[in-house]
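Open the model in your viewer and show it as a cartoon.

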Amino acid sequence: MSVDIVTFGCRLNAFEAEVIRREAEGAGLSDTIVINSCAVTNEAVAQVRQSIRKLKRERPGARIVVTGCAAQTQSAMFADMEEVDRVVGNDDKMRSDAWREARNAFDLGAGEKIAVSDIMAVREMAPHLIDGFASGLPRAFVQVQNGCDHRCTFCIIPYGRGNSRSVPMGAVVDQVRALAERGHAEIVLTGVDLTSYGTDLPGAPKLGLLTKQILRHVPELKRLRISSIDSIEADSDLLDAIADDSRLMPHLHLSLQSGDDMILKRMKRRHSRSDAIRFCDQARRLRPDIVFGADIIAGFPTETEEMFSRSLDLVEECGLTFLHVFPYSPRPGTPAARMPQVAGGVIKERAKRLRAAGEAALRRRLQAEIGARRDVLIERGSLGRTEHYLPVAIVGECVGSVVPRRIIGSDGERLTT
């Protein structure tokens, strides 16, 4: 049997899952389940543990290997689980020798369970050229950056991913071209701190220049999309590309986290409330139809009702369409975990209100699309996505094609044509 990958968390893990599959199968592993974990919240880690137990019940003979951010930060916890055969570190998972070592350990029936190296010692990022994605979707992810040099007080991810490092521009262009030639109509650039791209490369090229290089040198690419960015670090070339190239999708997901300046300072974020609003206004002037998504944390330590209301108001003031709400979850070892905590019931209630505001904003946007003509990327037989990442119910079209359609209605969750 082949190597099966179960992926949690971010889009970066989706790209890395394909590298893991190739390297693990190349090392001769079989009947193995690799859990590519997420550590962003306590709930995410709990979901990984639940999945491990469930998979072992379903396939008792399969070996289970845990990797990813949670494996890096809590390796001993996973090694103590009787269902787990090996724990592989977050940088190690991308290396063929780590999987050969795993196979040797399995063949010998002995050896240390934990194979996790020091992620903070990693200084470079090796490019990985992959042929495609097992999902068969026309959208593909390309990793251009990993790690983070910032230390937001709530975030465990730098300790799971290490410091910021980037893939050289030429290697990124080659990967995008290879995926486009294999029929992927849309490429999504991914990273942990995407707007820090290039700070470690010769000449320190920025994300905007990388974006322009891709669009210039891969003319066959139909659509380019950028995943989550830190808006305060968006450079002039990126804004130029947003304004000037229709193949760069008019959809940005922003790492905002809060709408209150005091909470942003306690988070050690690098932007203010006014910075966020100003960026959205500027991008909208450059590309009037652009839509925004955002990450917002509900119930950060010391957050009062008044502070929370400023986050709630940000949905309208920034014109957000997609909201990704995180109920605050104290991660061990982070400064925020030592701050005065908000009661759990209050956190849940605030998260619920934020989600309701996000759902209302999405419904308004869907309603506003009626009558517009949009280019729809067909993801599967009954679902497509517009340039703005809005879902469209659609039938009778070839998966991977981009088709022009007039929007005639909405059911509150999807557009109809």
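What share of the 417 residues in the protein is buried? Buried residues make up 56% of them. Keep in mind that this is a predicted model.

**Stop 1: the whole protein.** Select everything and colour by secondary structure. The protein holds 13 helices and 19 strands. Turn the view along the principal axes: the C-alpha atoms fill a box of roughly 65 × 55 × 45 Å. The radius of gyration is 22 Å, which agrees with the value near 22 Å for a compact globule of 417 residues.

**Stop 2: contacts along the chain.** Take the contacts between residues at least 6 apart in sequence. Of these, 74% join residues at least 24 apart.

**Stop 3: the surface.** Next, select the charged side chains. There are 58 positive and 56 negative ones. The centres of the two sets lie 2 Å apart.

**Stop 4: Arg350.** Hide the surface and select residues 344-368, which form helix 13. Pick out Arg350 within this helix. Is Arg350 buried or exposed? Arg350 has a relative accessible area of 6%, so it is buried; the cut-off for buried is under 20%.

**Stop 5: around Arg350.** Which residues does Arg350 touch, leaving out those up to four places away in sequence? Select Ala298, Gly299, Glu303, Thr304, Glu305, Phe308 and Val342. Show their side chains together with Arg350 to see these contacts.

Methods
Residues numbered from 1 in each chain as written. Predicted model: local features only at pLDDT ≥ 70, side-chain atom pairs only at ≥ 80, totals over all residues. Heavy atoms only, no water. Helix = DSSP H or I, 4+ residues; strand = E, 2+ residues; numbered from the N terminus. Rg over C-alpha atoms; globule rule 2.2 N^0.38 Å. Buried < 20%, exposed > 50% of the residue type's maximum accessible area, 1.4 Å probe, protein only. Contact = heavy atoms within 4.5 Å. Lys, Arg positive; Asp, Glu negative; His and termini not counted. Charge placed at Lys NZ, Arg CZ, Asp CG, Glu CD.
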